[in-house]
Amino acid sequence: MTQSPTLSRRASSAAPQPRTSRRRGADARAGYTFLLPWLLGFIALTVGPMISSLYLSFTNYNLFDAPKWIGLDNYTTLLQDERFLQSVGVTLQYVVFGTPLKLAAALAIAMLLNSKRKGQGFYRSAFYAPSLIGASVSIAIVWKAMFGDSGPVDQGLSFFGINLGGWVGNPNMTMGMMILLTVWQFGAPMVIFLAGLKQIPADLYEAASMDGAGPVRKFINITWPMLSPVIFFNLLMETIHAFQIFASAYIISNGEGGPAGSTLFYTLYLYLRGFSDFRMGYASAMAWLLVIAVGIITLIFFKTSKSWVHYSGDSK
Amino acid sequence: MIDRRKFLTTVALGTASAAFLSACGQSSSSGQTGSADKPVTITYTWWGNDDRAERTRKAIALFETKNPDIKVNGNFSDFAGYWQKRATEAAGGGLPDVMQWDLSYLRDYGQRNQLLDLGTVKINTDGFDKSLLPSGQIKGKTFGIPTSTNAFAVYYDPAKLASLGIAEPDGSWNYKEFNAFLAEVGQKGNGTLFGGTDYTSVWWNFNIWLRQNNIKAFTDEGKLGFSKDDLKKWWNLSADLRGTGAIVGEDKTTQLLPKSPFGSNVTATEVTWDNFMAGYLADSGAKELKLVPVPSDDPDNLGLFLKPSMLMVASAKTKYKDAAARFIDFMVNDPEVGQIFKTSRGVPASKTQRDGTTFEGTDKLVVDYEKSIEKYLKDAPEPPIVGFGTLESTFKRVSSDLNYGKLTIDGAADAWFKEAEDLIKQNA
C-alpha cells in the first residue's frame, strides 16, 4: 500500500527521455497500454476496495444488513478497547524486537557468506530456504509442535538444566517464540545484503588493512556506510512486513490470539472482529489506522534516513 | 515482493468490500431438480472431528445410493473455524446448500435472511417432540430442524478413578462435594492426572447454574438477565481449585488444542454435552466412559434441559431447494442414518430415527443418561440473542485469562460485561 506512490513514480520516471514531442506521445501511449492490465487490476482490486473500506470504517456493518453510518464512533470506541490496545502493544513488541534481530542475523550471515569459499552456492541456498517456507502454514504447525511440552526445544533446554516447559501455552514465552520464527526467516534480507556487500569495492578494505584497521573498524567505517542504502531498504520493508504478521500467529494460537492474548497481533484482532464478531465497520477502521500508522512510520524513516544513509556519489 | 507485502492489507480491506460490492440477486424459483442420468450436486458442510467425518461420509454415500438424482459434496472443519468460514461465504452470497448448524448462530443468520424457511419445503416432522421444534424457529419461520438432542453431564473415566483408588461418583452432589472430588483426583493424580478443566469456563455450565438459582440468562427483550455479581459468584466457585491439581492448567490445555484434555487422557473428568461420548472414546482410546448429572446446591433443581445438539439448515440462496429438503429429511428421519451416527450427534430427535437405531454399550449409556434425568428436565433455555456466538467465545477467553492469572475475578467479570453490553448495543 505504502509502496504504490513509489511504484507509479518509478514507472513514470522509468520512461525514456523524449527526443521529439511526437515521439514522446507515442511512447507514452505505448507505455500506458502496457501498463493497462496492471492499472485495471490496481484500481479494481486495490483502490476500489480501499475506498469502500474507508466508507465502511465510518459505519456499523455486520456483513448482512446494509451499512449504517455512525460517523467516527468506530474510531473513538477503538481507543477505549482494551483488546485493541493490547493488540497494538503485542504488535509493537514484535516489530521493535523482531525486525532488528532479524536484520542483524541476516547481515551477519551475509557477511559470513560473502567470503570466497568452496560450496558457497549450497550454503546460500541452505540459509535462504527457511524464508521460502517460513511463512507457510505447515511451518507454523511444526513450530508449534517443536515448542510444545516435551517438544525438541523443551527437551534440549532441559538437557542444560533449563526447565521452561512448553512455550506454546506460556503467555510469557510465546512472543519469544514468534520472534524466533521471524528471525529464522532471515533469507530474503540476507540475499539483498549479500548483493549489497558484493558492490563494496575490495580496494577500500585493502587500503584500510594497509592503515592497520581491524575487522571492527572496517565494519564501522566501510561496510556500514557503504551498505547503508541496502540496510535502509531492508529495515523499511521488514518493518512494514512485521506489522502485517498474521498467518503464523493465527495457526499457533488456533485463531484466537491466545494464550492470554499474548499473540493477539493487530491483523489477527482485525480479522477476529471482522469475521468472528461480524463487525466489518470496526475492522475497516482498524485497517485504516494501520495504514496510517505504517505510513507515518515510513515517513519518519525517510526523514531520518538523510542523516545516516549514504549513497555513492553523495557529497556528504 | 511488493505484492506479497501488500497482500494482507489488501485482503483485509478487499474482503470487506467484496461483500459490499456483491449485491446478489435472489432467485425465486422452487429450485432445479436432477435425474439419475444428470444428477444435481448440492454442497453440505459440517463441523466435527475425524470420527464424525467418517460417519457423515457413510451417510452421504447411503443418501446417494437411495437418491441417484442427487450428489452431495461434503466438506468439514473444526467448530471455531467453521463460523469464520460461514461468515465469509454469507458475505459473498455463497453459503453451502445444506449445513449443520448450532443454536448459538441461528438468530444471526436466520434473522438476516441467510437461511431458507424450511416450512416452505417438504420435510417430515411428525416424529419430533413438539417442545423441541420451536428451538429451530424464529418468528414463525422454521430455519432449522434439530437432528438430535443433548444434555449436560459430568463425564468420568472409571478406569482412571480405579487406578487412583477413588470411588466412582453417583452424581448426587453439590458444588462443594464436586470440588472436593476434583481436588482428590488432583492430589492422587500427582501432576500426571488432573481433576478436570475449569468447569466455570463454559458458558452453558454457567447457564445451568443460573437456572439452578432460578435466574434467566437473557430477558425476553434480548438483554442480560443476570448481574455482574452473579457472574463473580460463579467464577468464585472454583477459585480455590485454580492453580492446583484439581484443574489442568491453561498452558497444558492450550497446547493440546484442538483435542480436549479429557480426550488426551490428561484429566479424569469433564463437564460438557453428553453427545461428545463417541468423540472422547475415539480420542482417548478409553475402554469405557460414564456419565452422571452436574452438581447442584438444590437437589430438586439440577437446571438441566435438552438442547438440540445441532440443527440442519439450508441456504436461502440455494438453487436446489427440493434436493436440499430431501437431504435434510433423510439426515433427520432415516433410521439407517441413526444407525450410522448412534449418539455421536446426540440422541436422535425424530422418533422414527430413534426407534430404528439400536443403542448398545456406550451409546446406550448416553440414551440411558438422558432418560435418567428426565424428571429434572425443564424447558429449553430462552433462545440465544443475536451475537451469542461471540458472547460464548468471549466467556471462554476471559475464563482462560482468569486461569492464567492475567485477570482477577472482578476484572474478568468487568471484561465480559463490557463486551456483552457493547455487543447488545451493536445489534440493537
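Q: Helices are DSSP runs of H or I with at least four residues, numbered from the N terminus. In this predicted model, which residue with a positive phi follows helix 15 of chain B?
A: Helix 15 of chain B covers residues 388–403. The residue to look at after that helix has a positive phi, near 75°, and is B:Gly405.

Q: How far apart are the end C-alpha atoms of helix 15 of chain B?
A: This helix has 16 residues, and at 1.5 Å a residue they should span 22 Å. The model agrees with that, as the end C-alpha atoms are apart by 23 Å.

Q: How many residues of helix 15 of chain B are buried?
A: Buried means that 20 or more other C-beta atoms lie within 10 Å of a residue's own. By that cut-off helix 15 of chain B is mostly covered, and of its 16 residues the buried ones number 14.

Q: Which helix gives the largest share of the side of chain A that touches chain B?
A: Across the two chains, 47 residues of chain A are in contact with 37 residues of chain B. On the chain A side, helices 2, 11, 13 and 14 each give two or more residues. The largest share is eight residues, and it comes from chain A's helix 2.

Conventions. Residues are numbered from 1 along each chain as its sequence is written. Chains are lettered from A and ligands numbered from 1 in the order in which they are written. This is a predicted model: local features need pLDDT of at least 70, side-chain atom pairs count only at pLDDT 80 or more; totals for chains, interfaces and linings use all residues. The expected span of a helix is 1.5 Å times one less than its number of residues. A residue is buried if 20 or more other C-beta atoms lie within 10 Å of its own, exposed if 12 or fewer, and partly exposed in between; C-beta atoms are placed from the backbone. Two residues are in contact if their C-beta atoms, placed from the backbone, lie within 7 Å.
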